[in-house]
Amino acid sequence: MPGHEDAKAPLESWHDLVLKAVWSSPQDVKDQIGNASVCANNRVVFNIGGNKYRLPIRSDDDLHAAFKRLEVIFQAEPGTPEADEMEVLVTLIEVYENKHYPIQAANPIEAIKFCMDQQGLTARDLERYIGPSGRVSEVLNGKRGLSLSMIKRLHDGLRIPYESLLAGA
């Protein structure tokens, strides 16, 4: 880790130990590594290198730093400490982003309109999936919901994900 060369040896030692370990419970970890802490949900926190370094991403600054490090190690060879570090960073980034920047599924009408825009479709093109022009207009204006048969036809014909078509249902 650039700027934290003193962390390399403790991390590598921890990495080697974890690769060889056979644990079936957090208590097994605690029994082998006395300074490990068992937290809520049976998570284990390791004291690595005197506990001077923290891996959790707790702020946007931490997130930015994690992305910068990820850029450096992204093409790491599988099985290397850098590849393992990359996996940890990706997981931490995902957890932080899901908590602080959740992406909601598009509502069905927005998903249909997005698909129309991307594929250059008109309301008339939707008639084979939704029904007559009046029904298409009602759906696109939010005055009528999608039936299950419409959802299936839109998914099969236009590849709109079921998750988007069923959002809010």
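Modeller: Helices (H or I, at least four residues) and strands (E, at least two) are taken here as DSSP runs, numbered from the N terminus. On that basis the chain reads α-α-β-β-α-α-α-α-α-α-α along the sequence, with nine helices and two strands. This is a predicted model, in which local features need pLDDT of at least 70 and side-chain atom pairs count only at pLDDT 80 or more, while totals for chains, interfaces and linings use all residues. Residues are numbered from 1 along each chain as its sequence is written, and side-chain values use heavy atoms, with hydrogens and water left out.

The pair to look at is α3 (residues 60–73) and α4 (residues 81–100), whose axes come within 10 Å and cross at roughly 150°; axes are lines fitted to C-alpha atoms, for helices over the stretch in contact, and angles run from 0 to 180 degrees between N-to-C directions. With contact meaning heavy atoms within 4.5 Å, α3 contributes Asp 60, Leu 63, Ala 66, Phe 67, Arg 69, Leu 70 and Ile 73, which meet Glu 82, Glu 85, Met 86, Leu 89, Val 90, Ile 93, Tyr 96 and Glu 97 of α4. These residues divide into ten nonpolar, no polar and five charged, where Ala, Val, Leu, Ile, Met, Phe, Trp, Tyr, Cys and Pro count as nonpolar, Asp, Glu, Lys and Arg as charged, and the others, Gly among them, as polar.

For the chain as a whole, among contacts between residues at least 6 apart in sequence, 44% join residues at least 24 apart.
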